[in-house]
Amino acid sequence: MNNFEFYNPVKVVFGPGEIAKTGDEAAKIGKKALLVTYKEHDFFQALIDLVCSLCGGSGVEVVPFYEITANPLIGQAQKGVEACNEHGVDFIIGLGGGSAMDAAKAIAAGVKYDGSLWQMVASRHDGSEIKFPHEALPMMMIPTLPATGSEMNCCGVITNEATTEKSYFWDPCLYPVVSIVDPELTCSLPGYQSACGAADTISHVLEFYINGLEDTFLNNRIQEGVMQTCFEYGPKVLEDAEDVSARSQLQWASIMAQNGISQPGNGWTPMHQIGHVLSARYNIAHGASLSIVMPAWMKVLNHKRPERYETFATNVCGISPEGKTQQELVDAGIAYFENFLRDSGVPTTLSEAGIPAADIEDIVADAVRISFGPDKMLSCVPPVSPEEAVTVLKTAV
Ligand SMILES: [Fe+2]
């Protein structure tokens, strides 16, 4: 087991009905907040009104900022910084899915940041110095989609619209002060978004499970629990969108997948690096980019670490090893997972997402430029070459 440091100061207020505590919690942070949410927000205007009313009841003024899109852009964050300065807010509320919360983080850091916002994003290739943020306005998050875990981590993802580079920024200053996690808020999610969220949650642990460090017994058991939760409760919310109990299970799983507990000492997310190129180039949902990459990745690369795929089949998918060779067991686990994704309605091929197979070489070239190391390999165990990444995507046509 590797040495590691673990730090996570986020207060999580979790459970159906807990949105009622928004005003009390907001009043502990500040007096005036920028509410960062979506440009297209009609579908949850009632929730925005409720948050404003709860905050107002506790003496907190809220300035709505309706500029964020899926796959948020650095220009949107810059506008948010200007809004903070114009209105003199002293904290930020991120309301929505990962896009809204990540944009909220970029804005919170941007207010205190000296330089172009794009400079704080890692893996840039514009020649300017990378300068991580070290100070940010305090934040409250109110997630409406279980997926990214942004409500309990210090990381964000943002895209440069000029270069279509999508990458990460992070710093302990980006931990929210508090997150109000009310699973009832997720009951109105369309099935497709729910399924994309579950695929994203699974990817956050699967990538460590099959490509993470050695000697991580407890981490792997937590990761198995997260994936089992998605397999068990994902179909339930597709059957009954109002199943708050199932919504609660999925939401806590999404948080546990990405709050650092299941992967201390290990930061590789190799499949995300390919997925980010797909979502940045073709504006598909983040979870959909991963549902395309994951099964193909597993089919192409399982031979390099079959023991991880064996326990995936037995412990996560519940497949009996009896009468099966190792490869048959591995293949059965991958097939089970692929069927789970297909049944939940997310794409598992490039063609389903309208991505031409002819673009594969360009997609991988982007990933190499943005995310591969100086050795032109993608960091994980074992490292993945550009040629292998091409084979993965060709397996996903
Ligand atoms: Fe993700």
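Mentor: Let's start with a word we'll need: a residue is called buried when its relative accessible area is under 20%, and exposed when that area is over 50%. Keep in mind, too, that this is a predicted model.

Now go to helix α2, which runs over residues 45-57. With 13 residues, α2 reaches 18 Å from its first C-alpha to its last, close to the 18 Å expected at 1.5 Å a residue.

So who's tucked away here? In α2, the buried residues are Leu-47, Ile-48, Val-51 and Cys-55. Those residues cover an arc of only 105° around the axis, so they lie on the same side of α2. Here's the general idea behind that kind of pattern: an α-helix has 3.6 residues a turn, so residues three or four places apart point the same way.

Next, look at what lies over the buried residues of α2. Their cover includes the helix α1 (22-29), and the strands β2 (32-38), β3 (61-68), β4 (91-96) and β5 (139-143) are part of it as well.

Finally, follow the chain past the end of the helix. After α2 comes Gly-59, and its phi is positive, near 80°.

Key. Residues are numbered from 1 along each chain as its sequence is written. This is a predicted model: local features need pLDDT of at least 70, side-chain atom pairs count only at pLDDT 80 or more; totals for chains, interfaces and linings use all residues. Side-chain values use heavy atoms; hydrogens and water are left out. Helices (H or I, at least four residues) and strands (E, at least two) are DSSP runs, numbered from the N terminus. The expected span of a helix is 1.5 Å times one less than its number of residues. Buried means under 20% relative accessible area, exposed over 50%, partly exposed in between (1.4 Å probe, protein chains only). The arc is that of the directions from the helix axis to the C-beta atoms. Contact means heavy atoms within 4.5 Å.
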